[in-house]
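I am opening a new page for this structure. The entries below record what I looked up and what I found.

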Amino acid sequence: RGYGLIDWLKAYTYLNGNYPYLYTLWFLRDLFLMNMAALAIKKLVDQTPRIVLLLSMILWLGDISIPYLDKQALVFFILGYYVVKYRMDINKIDHINWALLPVTYAVFLLLDYCLSYTYPIIHQVNVMIGITFFIKLSGRLINSQLGNGLLRLSEYSFIIYVFHEMNLSMLRKICSLILSQTLLIQLLEYFLIPILVIMECIIFGMLFRKISPGLYAYAIGGRTNK
């Protein structure tokens, strides 16, 4: 209401430096920019792979921002090329000590929750550990009964992604209004609220699919399990 042309452009492109109006899809603009810069990035990595990798890690771990671009888009786009360039085998993650990785991830989750505002580097390190942990976990689950169940639910991943942030924000606000925000309560909210949101999104997706299967398939880009 009262938006002019420039306001709408800012809302959907975050030219003002903020997330777009539909902020769960913030990555689309960055993805377009990364594809435009793909050839330049490839040449830089090919010519100076160690330097680019070092600069990427400094950018990721440091308190550094890039105007009008989320730094994680640049970092992970560059790392993706390293995976392709050096033909890195994701199965090598299976050789990481299974007993050590979950403990390390649990420790960093706690540190992230308690200290990341003061030391942002903890969150950045935790993201990398978390990616490794869940890749390894998925490898262990893929042939299990639980893995088969998760695979069937995977078609709702896009719905979970698009709707989770709005629901998380609402539930957090409701909890903060009706519950005393002690450390224990906040810790329980940290783990339980996402579970509730995921369940809500899956139920919504199931109902959506049942009521209008054609529109549902179109909305999620054909990610249906046969």
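**Entry 1**

I started with charged pairs, and found E155 and R209 joined by a salt bridge between their side chains, 2.9 Å from N to O. The model I am reading is predicted. I then looked up where the two partners sit. E155 is in the loop between helix 8 (145-153) and helix 9 (157-178), and R209 is in helix 10 (residues 183-211). The two are 54 residues apart, and the pair links distant parts of the chain.

Buried or exposed, I asked of E155? E155 counts as buried, because its relative accessibility is 2% and the cut-off for buried is under 20%. R209 has a relative accessible area of 31% and is partly exposed.

**Entry 1: the other salt bridges**

I looked up how many salt bridges there are by this rule. The count is three. In one of them the side chain of K42 meets that of D46, at 3.0 Å from N to O. Both residues belong to helix 3 and are four residues apart, which is about one turn of the helix.

D46 also forms a salt bridge with K85, and here the closest N and O atoms are 3.0 Å apart. I checked the elements: D46 is in helix 3 and K85 in helix 5, so this pair ties together parts that lie 39 residues apart in sequence. Through shared partners, salt bridges join K42, D46 and K85 into one network.

I noted the accessibility of each member. K42 is partly exposed at 37% relative accessible area. D46 is partly exposed at 31% relative accessibility, and K85 is partly exposed with a relative accessible area of 31%.

**Entry 2: nonpolar cores**

Next I looked up the largest nonpolar core, which has 13 residues. Which of them touch the most other members? They are I41, V45, L74 and I78. The elements that give two or more residues to this core are helix 3 (38-47), helix 4 (49-61) and helix 5 (71-85). Helix 5 gives the most, with six residues.

I followed I78 in more detail. Leaving aside residues up to four places away in sequence, I78 touches I41, V45, V52 and S56. Apart from this core lies another one, of twelve residues, among them I160, C175, I193 and Y216. For the general background, I wrote down that nonpolar side chains tend to be buried together in soluble globular proteins.

**Entry 3: helix 6**

I checked the length of helix 6 (residues 100-115). Its 16 residues should span 22 Å at 1.5 Å a residue, and the end C-alpha atoms are 22 Å apart, which agrees.

Which residues of helix 6 are buried? L101, Y105, L109 and D112 are. Viewed down the helix axis, the buried residues of helix 6 fall within an arc of 75°, so they line one face. They pack against helix 7 (120-141) and helix 10. The face of helix 6 turned away from the buried side carries L100 and V103, which are exposed.

I moved on to S116, in the loop between helix 6 and helix 7. S116 is buried, because its relative accessible area is 17% and buried means under 20%. Its side chain reaches the backbone oxygen of D112 at 2.6 Å. Not counting residues up to four places away in sequence, S116 touches L111 and H123.

F158 is in helix 9 and counts as partly exposed, at 26% relative accessibility.

**Entry 4: the chain as a whole**

Last, I looked up the overall figures. The protein chain has eleven helices and zero strands. Its C-alpha trace spans about 55 × 55 × 45 Å along the principal axes. The protein chain has 226 residues, of which 25% count as buried. Of the contacts between residues at least 6 apart in sequence, 65% join residues at least 24 apart.

Note on methods:
Residues are numbered from 1 along each chain as its sequence is written. This is a predicted model: local features need pLDDT of at least 70, side-chain atom pairs count only at pLDDT 80 or more; totals for chains, interfaces and linings use all residues. Side-chain values use heavy atoms; hydrogens and water are left out. A nonpolar core is a set of buried Ala, Val, Leu, Ile, Met, Phe, Trp, Tyr and Cys residues joined through side-chain atoms within 4.5 Å. Buried means under 20% relative accessible area, exposed over 50%, partly exposed in between (1.4 Å probe, protein chains only). Contact means heavy atoms within 4.5 Å. A salt bridge is a side-chain nitrogen of Lys or Arg within 4 Å of a carboxyl oxygen of Asp or Glu. The expected span of a helix is 1.5 Å times one less than its number of residues. The arc is that of the directions from the helix axis to the C-beta atoms. A polar contact is a pair of N or O atoms within 3.5 Å; within protein, one must be able to donate a hydrogen and the other to accept it, and residues adjacent in sequence count only if both atoms are side-chain atoms.
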